[in-house]
Amino acid sequence: MKPIGVRPAAAAAALSWCRSLPHKHGTCSSFLLLPPPVLQFFSLRFRSTASNPQFHRIDFNNIKKLEDALFLFDEMLRMRPLPSVIQFTQLLTAVTKMKQYSASISLYKQMGALGIPINEYTMTIAINGFCHLSRVNYGFAILGSFFRRGVVPDVATFGPLLKGLVLEDRVPEAVKLFLKLMRERVCEPNEVMYRTIVSGLCRTGNTSRAFQLLRLMEVEGKCKPDTVIYNTVIDGLCKDRMVDEALTLFSEMIEKCISPDVVTYNSLIHGLLNNGRWNEVIRLLREMGSRKISPNVFIFNTVVDALCKQGMAELAEGEVLPMMRQRRVDPDVVTYTILVDGYCMRGQMDEARKFFDSMIDLCFVPNIITYNALINGYCKSLKMDEAMQLLRELPCKGLKPNVNSYTSILQALFRSGKCGAARNLLDDMQAAGVVPTTLTYCILLDGLCKNGRLAEALSVLGMLNSKGIYLDIAVYNAIIDGLCKDEKLESAWDIFCNLSSKGLMPDVTTYTVMMNGFCREGLLDKANELLVKMEENGCKPNDVTYNTIVKGLLKRERYRKAMTLLEEMRARGFSADASTTEIVVDLILAKSQNPAQLEMIKRILPTFKHEEKNIE
């Protein structure tokens, strides 16, 4: 920061520049305006401390915690004469380094209220504190004092302001200020300022703008893009699914002898995984070894997880695990848990159990997530004895079952038609102090409805409502569906119409279930009206919605209307499902002579040419 003469014209210009900065007026309290004693001190702030014979010796190295700093501040206030502004600033610096920004601001306010001299370094510390507390407007208010006193702020002042704007998601304002600083050469931006702006742009989805800034650094700036800048832009491109562009920038980075690091590869691997480009992922992992960059267990686990979620647990086991061992990266509990879950998702319970048991053999302790993955796998395979055995085993292993442990078994019991056992399990769950979630109640109500225990489901619903337990739309979808299937259409419609009074909006499932109820009763016009109303309310129908109504129309021989909806389906990228196609096949086999049927068959099943000829 450089002192400048207080010339009226220069001061007016500086103040005008300050007012153009991106801050809101009228939001900062009066304590930010420096009191008269402080303003008087500003003209003396550049005197050497050597001219002050009363310069106190204070050891700031003894400050280890906030309490030490506050005690020392009180001691300094009692000293006569008062310590110098430099020493008060050193104290504020110590507090700020502890990231105690609120305390730093509080001390700054006390200094101003007591008339203790404040200089530009003190004010910069205050600006930094306000910006870290997401109160950047206060920081800009202090910046105004710089210009009023004829002091030119530097990067130490503007850096926190830029970061504060980004923290408050005011990235466009941060970019505007940054470019203004560059254009008017108020100060030369440093690496930290570039990183702040690039990071903010990428975080808010403006990766192309961040890329332009990277190019600007190369052409105009004294600061050249470093690994951090490249990493930020590459990561932004990958998150925007612009993986090819990210790989191009990666190659350029290497050509310019800017060394990639583990963060660079991690971003690229994530991007490639999201696009299913497994071969390139394996290539990058191997390339990391040739560059002597060690992939950590987190990166390997990310790859294993992505492969398992795509149903490729064998590839994860056969390719990634051996690579981990070659790089001397030990698989951990997370690695094995992911593989257990991956095989469970495929229904390969023997393989899942093999990995679970191998964890114990390797002295890894399976955690609750591991157990839940295996329990869920057994439940999906309806192997209830194995699932219950694992649930009972948890307390013996020092683990407490959580809501996911019970929910998987609860759902499987209802699927098996064991409603009594499911209700008993719910009681055991609550007795164990595990609080059911909305999903738990949804499974309970859906299970009761699908097992024909509608009265019990309605009783549970009433009990939940009386207790004020929040139920989301999924719970009501289950009830409406159950009522429709039990031919209680009026009750289902009443619940549907009263959803808004519960603060809920019907979703695509709600509308589809209600339309299915109307179609089952032959009320096709009501179903079609609801389809129109659905779109008017901003809820888009999906393929299930269309197939539901088309099947209802076909069953009631409303072929013309069915064709209209089929055309609408196709225009939206949907197609007839298996059950709709089955109805049409039945019409073909019936060798119908109805022209409307023939036209509809041509549209829905254009491949059935030989059947059409037989009919004709």
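Among contacts in the protein (heavy atoms within 4.5 Å) between residues at least 6 apart in sequence, 62% join residues at least 24 apart. The model is a predicted one, in which local features need pLDDT of at least 70 and side-chain atom pairs count only at pLDDT 80 or more, while totals for chains, interfaces and linings use all residues. Residues are numbered from 1 along each chain as its sequence is written, and side-chain values rest on heavy atoms, with hydrogens and water left out.

The secondary structure comes to 34 helices and two strands; these are DSSP runs numbered from the N terminus, with helices being H or I of at least four residues and strands being E of at least two. Of the 616 residues, 48% count as buried, where buried means under 20% relative accessible area, exposed over 50%, and partly exposed in between (1.4 Å probe, protein chains only). The protein exposes about 30,600 Å², and carbon and sulfur atoms supply 52% of that area. Accessible areas come from the Shrake-Rupley method with a 1.4 Å probe, and for residues only the protein chains shown count as cover.

Leaving aside residues up to four places away in sequence, Leu249 touches Phe211, Arg215, Tyr230, Val233, Ile234 and Leu237. With Ile234, the separation is 15 residues in sequence and 7.0 Å in space, taken from C-alpha to C-alpha.

The backbone holds some points of interest too. Most residues other than glycine have a negative phi, and most peptide bonds are trans. Against that background, a cis peptide bond joins Arg80 and Pro81, with omega at about -10°. Pro81 sits in the loop between helix 3 (66–78) and helix 4 (85–97).

Lys292 is not a glycine, yet its phi is positive at about 60°. Its location is the loop between helix 15 (278–290) and helix 16 (297–309), and Lys292 is exposed, with a relative accessible area of 77%. Glu487, likewise a residue other than glycine, has a positive phi near 60°.
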